[in-house]
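Open the model in your viewer and keep the selection tool at hand. The tour below goes from one selection to the next.

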Amino acid sequence: MYEHFGDSLSRIMEDYSESKNSLIQRTGIDRSSFFQILKGKRIPTEEQFSLILNALMLPETDTAVLKEAWLYDRLGDKCYKSRRIVLSLLKLLSESDDQQFYDSGYPVNLTAAADSFTGTIAFHSVSELKSFIYAALLHSRDYQENQIDLFLSLKALYTLDFYSMERALSAGSRNEQDPSSSDSNAPQFRHILSFFMRTPSDPEELFHDYQEYIRFLISYSGDFRSYYYYNPSTMEDHLGSLYPYYMILPFGVLLINTGCDGGLFLSDASFLTEYRQGFEHQLTRMKPLITNVDTIEDYIPTLLRLPDETKTWYLSWQPGISYIATDELIRTYLPAELQELYMTHVHAFQHTEYHEYVTPEGFQAFLGSKRLQELQMDLTARKEDLPMLMQMLQSRLGQTLDIVRPDVFPISKNWAIHIVSGRTVSFVPIFQGSRAIFIHERWLAECFEDFLTNLDDNALLSPEHLQEMFCM
């Protein structure tokens, strides 16, 4: 439950023994307007909000409380929650820039005994399930065809520490040989989820699970593909009602109850065959939830099929090649064998109604070095092309290109974000890595759209500041 600005202000005034008359006098706000603000009948203007903060001179924590309450009243419940979700994701991506691996807290060199994975084993607690899953994930690396199929909710994966386990095993395998290499024994995961509704009534209730999932994906080098559908669960769909969740391992099936505090492991070949067939049948009705591709070019055909009036947004550390490249520039800077591919790429991005947001640091880096890095391309502009590039960028400022203030919302140096209105949110690696992550969730795309169309005036650098950057 969020607090309204009037309630927050009243409480803080009481905490600091601040009288209404004294605050009215120091802010200069009309007395009638001030009392309407306190009663929640009026939302303070940006100027009135600044006057109140300046008059109170509060510690940073209380200032933040008042600001969040003011934003909640100003934006409304839906847009405010969208803002919280987007900022959490942006912070997550930014924090990942300098972290090669996440510290999961799990030991890496655990030895799994082969006789632990035969017969039937019952589990009666979350801790028992966690211990077995960790050993089973490690043991699966002994199999040449290491595919693991999951029918588990995002919350169940988090409850069972699946993300931390697999990160630890994957990172440990890479560190033993070459930290920059991929884990050759990492399993190929296929993951099916089910939802009861197409659009959640409260996205924040789902977002924690999505956040942990994305945290795992951006640090995991293996192949992990998710699929989903929106039909209610049935016994036929899940092959069981007592243990509706399951993990199909190379050497057996782990059945898990909905509370993730009980289960059965079955190594019988007939059970393994039945569940594998059931999983393949499920996949025939699935749609992708999150897909990982080796390059964004795999997604270009989808972008080309979008109507021209589709709104798209691109958040990147520095201006992207996609929005300033022309066919002429592509022919000049790229080898012949890549020209057609990148022309298609550029056309796919530029035919939509796009808007790009970049950081001051990235923009200045380009102005200083005249280098653009995107999609594993590293191009330095020729001297004769600089006036044209500068003119293109300058003409876009405030139109299809804006520079954001990093203190308002952060943008990752390595991960660009591409949003297609009402369709997808994509995370695309710029400087490191090659795997793009596509989230096919309308409600998450709508959260970004709400956030970007309701930006505070102070979120963007002023036109005067932008022109100063060009003159530096």
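A residue is called buried when its relative accessible area is under 20%. The model you are looking at is predicted.

Select Cys447 to begin. Its relative accessible area is 3%, so Cys447 is buried.

Next, go to the nonpolar cores. In soluble globular proteins, nonpolar side chains tend to be buried together. The largest nonpolar core here has 86 residues. Select Met247, Leu315 and Phe427, the residues with the most contacts inside this core. Helix α7, residues 126–140, gives the most to the core, with eight residues.

Stay on Leu315 and show its neighbours. Leaving out residues up to four places away in sequence, Leu315 touches Leu90, Tyr357, Phe409, Ile411, Trp415, Ala416, Ile417, Ile419 and Leu452. Another core, of 24 residues, lies apart from the largest one; select Leu9, Met13, Ile37 and Leu38, which are among its members.

Finish with two helices: select α2 (residues 20–27) and α4 (residues 46–56). They pack at an angle of about 115°, and their axes are 9 Å apart. The crossing is right-handed. Where they meet, α2 brings Leu23, Arg26 and Thr27, and α4 brings Leu51, Ile52, Ala55 and Leu56. By class, this contact has five nonpolar residues, one polar and one charged.

Conventions. Residues are numbered from 1 along each chain as its sequence is written. This is a predicted model: local features need pLDDT of at least 70, side-chain atom pairs count only at pLDDT 80 or more; totals for chains, interfaces and linings use all residues. Side-chain values use heavy atoms; hydrogens and water are left out. Axes are lines fitted to C-alpha atoms, for helices over the stretch in contact, and angles run from 0 to 180 degrees between N-to-C directions. Helices (H or I, at least four residues) and strands (E, at least two) are DSSP runs, numbered from the N terminus. A crossing is left-handed if the near helix is turned anticlockwise from the far one by less than a right angle, and right-handed if clockwise. Contact means heavy atoms within 4.5 Å. Ala, Val, Leu, Ile, Met, Phe, Trp, Tyr, Cys and Pro count as nonpolar, Asp, Glu, Lys and Arg as charged, and the others, Gly among them, as polar. A nonpolar core is a set of buried Ala, Val, Leu, Ile, Met, Phe, Trp, Tyr and Cys residues joined through side-chain atoms within 4.5 Å. Buried means under 20% relative accessible area, exposed over 50%, partly exposed in between (1.4 Å probe, protein chains only).
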